[in-house]
Structure formats: C-alpha cells, structure tokens
2 protein chains.
Amino acid sequence: MDSYDKLCDRAAEVALLSSTASLLSWDQEIHLPPRALEYRGSQLAWLSGRAHETWVREETGAWLEEAGEKVAPGSDEAVNVERWTYDYERARKLPVELVERSARLESQAHEAWKEAREKSDYSIFSPLLAELIDISREKGERWGYAECPYDALMESYEPGFTASEARALFVPLAAELAELFKTGASDLPVSKLPDGPYPVEQQVEFNRKVIEAVGFDFSRGRVDTAVHPFSTTMGPYDNRITTRFNEEDFTFSFFGILHECGHGMYEQGLPAEKYGTPCGGSVSLGIHESQSRLWENQIGRSRAFWEYWYPVANDHFPQLKSMSLDDFVRFVNKVEKSFIRVDASELGYDLHVILRFEVEEKIFSGELEVEGVPSFWNQRFKELIGLDVPDDRRGCLQDIHWSMGGFGYFPTYTLGSLNAAQLLEAVRQRVPNFEQELKRGETGNILDDLRRNIHAHGRRYLPKELIEVATGNPPAPAYLLDYFRNKLKSLMG
Amino acid sequence: MDSYDKLCDRAAEVALLSSTASLLSWDQEIHLPPRALEYRGSQLAWLSGRAHETWVREETGAWLEEAGEKVAPGSDEAVNVERWTYDYERARKLPVELVERSARLESQAHEAWKEAREKSDYSIFSPLLAELIDISREKGERWGYAECPYDALMESYEPGFTASEARALFVPLAAELAELFKTGASDLPVSKLPDGPYPVEQQVEFNRKVIEAVGFDFSRGRVDTAVHPFSTTMGPYDNRITTRFNEEDFTFSFFGILHECGHGMYEQGLPAEKYGTPCGGSVSLGIHESQSRLWENQIGRSRAFWEYWYPVANDHFPQLKSMSLDDFVRFVNKVEKSFIRVDASELGYDLHVILRFEVEEKIFSGELEVEGVPSFWNQRFKELIGLDVPDDRRGCLQDIHWSMGGFGYFPTYTLGSLNAAQLLEAVRQRVPNFEQELKRGETGNILDDLRRNIHAHGRRYLPKELIEVATGNPPAPAYLLDYFRNKLKSLMG
C-alpha cells in the first residue's frame, strides 16, 4: 500500500470515530436520559481523543510528505494531501496538555455561564471568561498568525479570513445596515399573524412537505425536535436536522427548519464517495451558513416562494385565510428591534453579529478588558439597534459561544449572509425563469446550481476562492446591501 | 499500576466501545435513514472488532495471571478475574478469520432468510442454514465441550447449561405443558376485549404510568417505538426499551413494554459503580428472561395486579367499562393456539420454544438434516400445539435467530419461564402481605427483593447457583407447572 492509500485508510478511521461521536452528541441533545450525561461525556472524550491521537501520529506526517511528492497537481489527491497537511500541522501545534486543560475549562465555564445567564449576573461568568480568553490567546500563539492571535482563532472556522479583513468588511457594513434597519423598523407597515394555535402536528406536516419539495432527502436524513435547532452529519448518507415549535407562530419552526435544511442539503450535496477526505468535506462555517441563510431568507422569505406555498400553508392552518399573501410576506419580513440575536429580524441579524465581532476583536487586540464587556456591549447595542439593554441576560450573556471558547465563530454568521446574497445573485443569472419557477414551487434548478457550484467542490477551494469560482466575482458586500434595499423598497411599495 | 488496575482500565475501554456500539444499534432499529445502513454497518464492525481485539491481546492474559494470584478469594476482584479469564479464554479460541467469516455468512444468511420468509420458501434459506450449522459446529469444536458441540453453543447464552440437562428438563416439561395447554385451550371460557380504537397516545400514557410505578427509572432510561420490541443498555445509567402499538388491542403494547421493563429494571438494578466489570454485568439470558417474564406474566397477568390497575386502564380506555375485571383477567390469560411464537399465549409459549430446542439438538447431534427441518417441525408442532402448519412462513421460517447463527439461544426463553416461577415463589414467601400490596399497586418490595437477591450479584454466580442462592433451592420445573395449574384452576373457577 502506498502512502496515499495509507492516508485514506487513516482518514477513514478518523471519520468513523468522528461520525460516531456525532451520533452520540445528537443523541445527547435529543434523547439522553439525565443521569446518563456523565458517561456520555466519557464516551465522547474517548472518541475525540482517539480521533485526534490517530491523526497526529508521526507516521501521518511521513505519509503526507511521501504522498505530496507523487500526486498530480490539481487532482483530488493533491487537494486532499494539501488540506490534510494543513489539518495535521495545525492539530500538532496544540499539545495534548493544552487540549485537555482547555476542555476542562470549557466545561467549567459552560456551567458558570448557564448560572450567570439565569441570574443575569456577569460577575459569575467573567473570571472564567478571562481564563477562556487567556487559553484562546495561548492557542492562537501556538497556531501562529500574521497580525494578531484573533486571526488564528478565526482560522478555525473560516480558513484564510483575518481580523483586518473582517474589520474592513464589517465596519462600513454595520453603518449601512444600521441605517437600513432604522428605516425598516420605523417605516414598514406592521403586520400581525392570525392567532394560534397552529397545531404542532400540522406544523410537522407542513415543514416536511416544504423541505422535501425543496430537496432535503429523507432517505439519507431525518428531522427531529430539539431545544436548540441544529444540523449534524454522522456518515455519508446520514444528515440530521432539528427544530422546535411555537403553537402561536408556525413560522418560528418553519424558518428554523428551512435554515437547518439548507445546512443539511449542503452536507447531502457533498460527494458521498469522497466522504472522510477533504474533497468530500465542507469548506467553512461561512460557506455552510451561506447555504442555510440562502434557503431561509433569500428564498424562504421571498414573495415568489410564498406565491406557491402560502395556499398550502392555508390548507394546514385555516386561520391564515384571514390574512392576505402580501400581509403574510410583510409579516415574515418584519423589521423589529430585539435584544436577542436568535430572535432578530433578518435585517437586524447581522448588526447583532458585528457587535460580537467588535467585542472579540477589541478583547484580543487588548483594547477591551473583560470587565468592560457589558458596558461596551450596551453602548454599541444602543448605537446599532437603538435599544437600551435592560440586563446582561439580554445582553452580553445571551450566547453560548464564548462559554465554549468559540471566539472567532460569530463573524461566520455574517459571512454567511454576505455569501448567500452574492451566490443567489449568481444563481439567479444562471437559472432561466428563476422567478417563474420559484412561483411554481420549483426550486430544483436552484439546488442543482448550488450542488454544481458549491457542494461538489468539497474543500477544494478556500472560502474566498470558492465564492469567486461560484459567482465569478470576489466576495463583496454590495450584494447583501442591494438585496436588503430592494426588499425594503418592495415591502414599502 | 498493578495488573488488576490495568485490567479494570482495559475492561472500561471495552465497555465504552461496546456501549457506544449499543447506541449505534439502537439508533439503527429506531431512527436510521435507509441509505445510512451500510455505513452504520462499518461503524459497528469497527467498534466490535476493536473491542474484541483490545480484550484478546496477549498482555490481558498476563495481567489476568498476575492478578489471579493476588486477589482475595470471594472478593469482587476474585470474581472479576475469574469471569474475565473465562471470557478471555473463550474469546481467544476463535481466530479472527473465523469471526469474520461467520459475520459475513450471517449477513448473507439474514438476507436470504428475509426473502425465504417473505416467499415462504424454505429452499432459499436452507443452503445458508446448512452453512451456518457447519460454522457453528466449527465454533463449538474450538470452544470445546463435554458431550456435544451444541453444549458449547448454549454456553454462549447460558453458562454451565448443557444439552443433556436441557433434554432432561424439557422433554418431560413439554409433555406436561402440552396436556395443560390442551385443557386450557379447550375448556377455558372465551373472553373478548371491547372494540378499539385504543388511541396510541393513551396507550403511551398508560404504559408509562404503569412501568414508572413498577420501578422503571426514567432518569436513567427511556421508552421508544420500534418494529421489534427490545431492551438495550448503553452505559451505567442508560437503559432503553421499546414497544409497538396495535390500536385494536392495548394489551399488545402493554405486555410488550412490561416484558422489556423487566429486562430494563434488571439492567438498572445492576451495581452501576461496577459497570464494565463482571460484578456489574448480567448473568445469562435465562436469568435476564426470568426478570422480563416475571413482570410480564407472573405479576402482569395476575388478578391482584389488575385489581389496582384495571380502574386506571378504564380511565384511559373508556370502552373497558363494558368489561368486568374477571373477564379482562380471563382475556389477558386466554389460552389460544397460534402458529407464531411471539403471538403465543403464556401457557403455550414454552411449547414453541421447546420445539425449537428439539430441532437444534437433533441437528447438532446429527439426528436431523437441514432438509428434514420443515417436516419435523410440522409434525412436532401438531403434537405439541395441535395445529397443522400451513406454510413455512408460519412454521420453521418465522424466527430471526437461526439466520443470525443464534443456535442455543431459544432454550433460554424457557429457562426464563422456569426461573421466573421459582423466583416469584421465593419472593412471595419473603415479602409480607405480597398479595395485598399487589392489590394496592405496590410492587416496590418485590423489586427490592429482586434487586437484593438477583440484580446486586452481577455475574458473581453461575445461573444455576444464582437461582439456588436467591430461592434456597436448585432450579426445578415444579414451580412453573404449579403456577400454570393454579392459574388454570382459578380461571376455570
């Protein structure tokens, strides 16, 4: 067996361990009996430890070197060796001691965060947050970076994306979005959904009907109910998504599941026969999020989409008969101020995200101390969203990410919005009768286009390159801003 | 670290792998998307291969020897080393090549069996059955035995139980049971359950109410719906059972879940702190089945039990109000002839089992050829149950066991019936006001007694020893026969 084959075997073993861990985590979110939590933790620790340890063995490095000399440039093999080498080198930069210390700290911090959020008491969380920042800085130093440790942290979620790029992109974007948001929130006519109940059973059926039509493949995936909506993959033919229900508002679960369905269809669109190798994997969170937001927002909140689906929704929820299609479209596109990111209107969402980026960036550049986070948050929130944050529970304590050491994760949400807008514009150019098809409930050509131009490539390109390959243009914020401007205009008119 | 500690660590790793595999199998039965089956197979193969390979390493043997010299006789440590040594030696007797060949054959045979059963065509399955018998004989030869290879096969499920013992026990038992069954089937007054529907939601609620009251701990277990009811454990605090529903007859799911609940409570009663070692494991299938059958039948079909629960059932299923308690008790104890084992009445069930034992025993002693199975089956079925088998689908093709190479498994069902009767008699002697408590829906003292006398011991004793320890008497068939005679008498009277 030559080195490349050995690498494939090893990668397959790592994928097998990781996919098994994914099932265990999925089960933990949905089914696990309360007292089983501790043992599940040890099963997961064993699996991830073993996956890591298997991959970072010296011999992997030797095989990578040997294989790298033999593969044909541009071939799948070459892509795999390149990405594997990147993963290998990055993984080896963190000593086991640091990984274990970090895992212990995160589990402690997560508990402290839950208590802090419940009591809305930042002081319970802040000492742990300070430690998390220190350990993340330590990781950043070990991974290495061009300008600042925050670059190295973002790299974990969005390869090739740096703090200075983010700043250059997000600062002007925030100003423009805040302006649009203000206009939307004050000038758009208000539309109210008819009273519930919207029975869960009917919601389940309607959701399923839509996501099946849109292209989620139930022969290789499933939908379940979970407190926090998510998407996870546990094998080349097994992607699972979740949602949750609100009997007063069926759009709550609907847009949740459509979002996760976008993630799921990306996973289902990756080349299954390359599962476990970079050519069969997803690129980055920013690309992943582009797929979920494209279906949730660009498609799912469009008038054309609902021209077909609103009558179907009427069949499931008879009270909708008292609401016109236009009013409904206005409702699902309402622009409201909210304290909580996950409740934010589409137009306000990225302002929430950019605020978090600003906090992270200032922390890691040393401009902001842990103690200063709440006051910076509240002041900036007022500027961007226009609300006074009443307590930290509805402010800087609302998100789980930092408690898990996930610094650098937030920016990928807004990258997702930007990518989605740019991608859909390209798809719209390529798919003939785009609007007409959408009005007939036909989205197969849109999905096919994404399959060909995004999904099929796996990790062949870096995120930025992939956007350029798929749209013909480098990533740019104009698409998202145009999309929002057009939407506002049509909702006003 | 001394050898005993090393063994504990290794056993913990094996338990972690096996419990992870249990979750994957559970998920496969309940949730797995169809196209994910193949990859799930490779995940399971890897986990079980790795568990086996980890355990049978040479060094395990060396540690066992060293530890064996140091442990105090009678201590948990001594018990563990003794059982571990037994497991180790048995596992090492099968070469990997044989294990793999066997797994491949089983998966082939399983497919053939499904087709054969569907088409009721024995000739599709018989060539594979012949191969399965050959490979099982080969395993038996390698494991070793006193009298015949079938002994070695039964040993996998019921340590210390041999073919000659089974013969001595089952042959006279079959004659007596057949007599009782005949009387019951012809003389008992017929009782019919009021028409459905019995809504699934109400069944779920009633089932949960009962098994929770009986002692199934939902903080460390759960109930789901599956095509084939089963119980499985995936950690010291995670036992999961399943059932299925029939809207025309709520007792179908009820006795199914009560049966699995008995299995589940045994697992939940094993000392959790010894999880992964023999002292924390279950003894044998015959003991396991005693726990399920005790709750399903001895308790669950008793008049005293329903004195408390029938009014509750009436609240859930109003149509029961037209049926008296006595008629209901007669209904759940009806004696009917049936072709299918899993549909059999309590009194007929063991006849179905003994027939299968007879087939297996004759095959492995060379008295019966594969070709002769259907005719032997049908003739013997007529003698025992009194029905003419119309086709092999309802005859020798009905069970999954042989298709998975599970020769020697069936006898443990009847051992379960025998053990349950003997155990309950002992519990009845020890629990004051047994009958009165049962009539008040109080079964806590029964469960406590089983916890102390069966569950707490783990694998300390061999099955036969355990029955003697727990009841004061060696296993004997009289208890079951007395139980059936008394039941018939009271149902007639």
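This is a predicted model: local features need pLDDT of at least 70, side-chain atom pairs count only at pLDDT 80 or more; totals for chains, interfaces and linings use all residues.

Colleague: What makes α10(A) and α12(A) oblique to each other?

Modeller: Set the angle against the cut-offs: roughly perpendicular covers 65 to 115 degrees, and roughly antiparallel needs over 145. The angle here is about 130°, and therefore α10(A) and α12(A) are called oblique. The crossing of α10(A) past α12(A) is right-handed.

Colleague: Why are α14(A) and α16(A) called oblique?

Modeller: Helix α14 (residues 346-365) of chain A packs against helix α16 (residues 411-430) of chain A at about 140°, and their axes are 8 Å apart. Roughly antiparallel would need an angle over 145 degrees, so α14(A) and α16(A) count as oblique. In this pair, α14(A) passes α16(A) in a left-handed crossing.

Colleague: And what makes α1(A) and α4(A) oblique to each other?

Modeller: Helix α1 (residues 3-30) of chain A and helix α4 (residues 76-92) of chain A cross at roughly 60°, and their axes come within 12 Å. Roughly parallel means under 35 degrees and roughly perpendicular begins at 65, so α1(A) and α4(A) are oblique. Their crossing is left-handed.

Colleague: Let us turn to α11(A). Why is α11(A) said to be largely enclosed by the rest of the structure?

Modeller: Of the 15 residues of α11(A), 14 are buried, so the helix is largely enclosed. Buried here means under 20% relative accessible area.

Colleague: How do you know that the length of α11(A) is close to the expected one?

Modeller: Helix α11 (residues 285-299) of chain A reaches 20 Å from its first C-alpha to its last, and 21 Å is expected at 1.5 Å a residue. The helix also bends by about 40° at A:R293.

Colleague: What makes A:S284 a cap for α11(A)?

Modeller: A side-chain oxygen of A:S284 lies 3.3 Å from the backbone nitrogen of A:G286, at the N-terminal end of α11(A).

Colleague: Why is B:R10 called buried?

Modeller: The relative accessible area of B:R10 is 9%, and buried means under 20%, so B:R10 is buried. This residue sits in helix α1 (residues 3-30) of chain B.

Colleague: What makes the pair B:R10 and B:E59 a polar contact?

Modeller: Their side chains are joined at 2.5 Å, and the limit for such a contact is 3.5 Å.

Colleague: How do you know that B:H352 is buried?

Modeller: B:H352 has a relative accessible area of 2%, which is under the 20% cut-off. B:H352 belongs to helix α14 (residues 346-365) of chain B, and a polar atom of its side chain lies 3.4 Å from the backbone oxygen of B:S338.

Colleague: Why does A:A421 count as buried?

Modeller: Its relative accessibility is 6%, again under 20%, so A:A421 counts as buried. A:A421 is in helix α16 of chain A. From A:A421 to A:A478 there are 57 residues in sequence, and their C-alpha atoms are 8.9 Å apart in space.

Colleague: What makes the phi of B:S120 worth a mention?

Modeller: Most residues other than glycine have a negative phi. B:S120 is not a glycine, yet its phi is positive, at about 50°. B:N433 is also a residue other than glycine with a positive phi, near 55°, and B:N433 is in the loop between α16 (411-430) and α17 (434-439) of chain B.

Colleague: How do you know that the peptide bond from A:G196 to A:P197 is cis?

Modeller: Its omega is near 0°. Most peptide bonds are trans. A:P197 is found in the loop between α8 (163-187) and α9 (200-214) of chain A. In chain B, a cis peptide bond joins B:G196 and B:P197, with omega about 0°.

Definitions and conventions:
Residues are numbered from 1 along each chain as its sequence is written. Chains are lettered from A and ligands numbered from 1 in the order in which they are written. Side-chain values use heavy atoms; hydrogens and water are left out. Helices (H or I, at least four residues) and strands (E, at least two) are DSSP runs, numbered from the N terminus. The expected span of a helix is 1.5 Å times one less than its number of residues. The bend at a residue is the angle between axes fitted to the seven residues ending there and the seven starting there. Buried means under 20% relative accessible area, exposed over 50%, partly exposed in between (1.4 Å probe, protein chains only). A polar contact is a pair of N or O atoms within 3.5 Å; within protein, one must be able to donate a hydrogen and the other to accept it, and residues adjacent in sequence count only if both atoms are side-chain atoms. Axes are lines fitted to C-alpha atoms, for helices over the stretch in contact, and angles run from 0 to 180 degrees between N-to-C directions. A crossing is left-handed if the near helix is turned anticlockwise from the far one by less than a right angle, and right-handed if clockwise.
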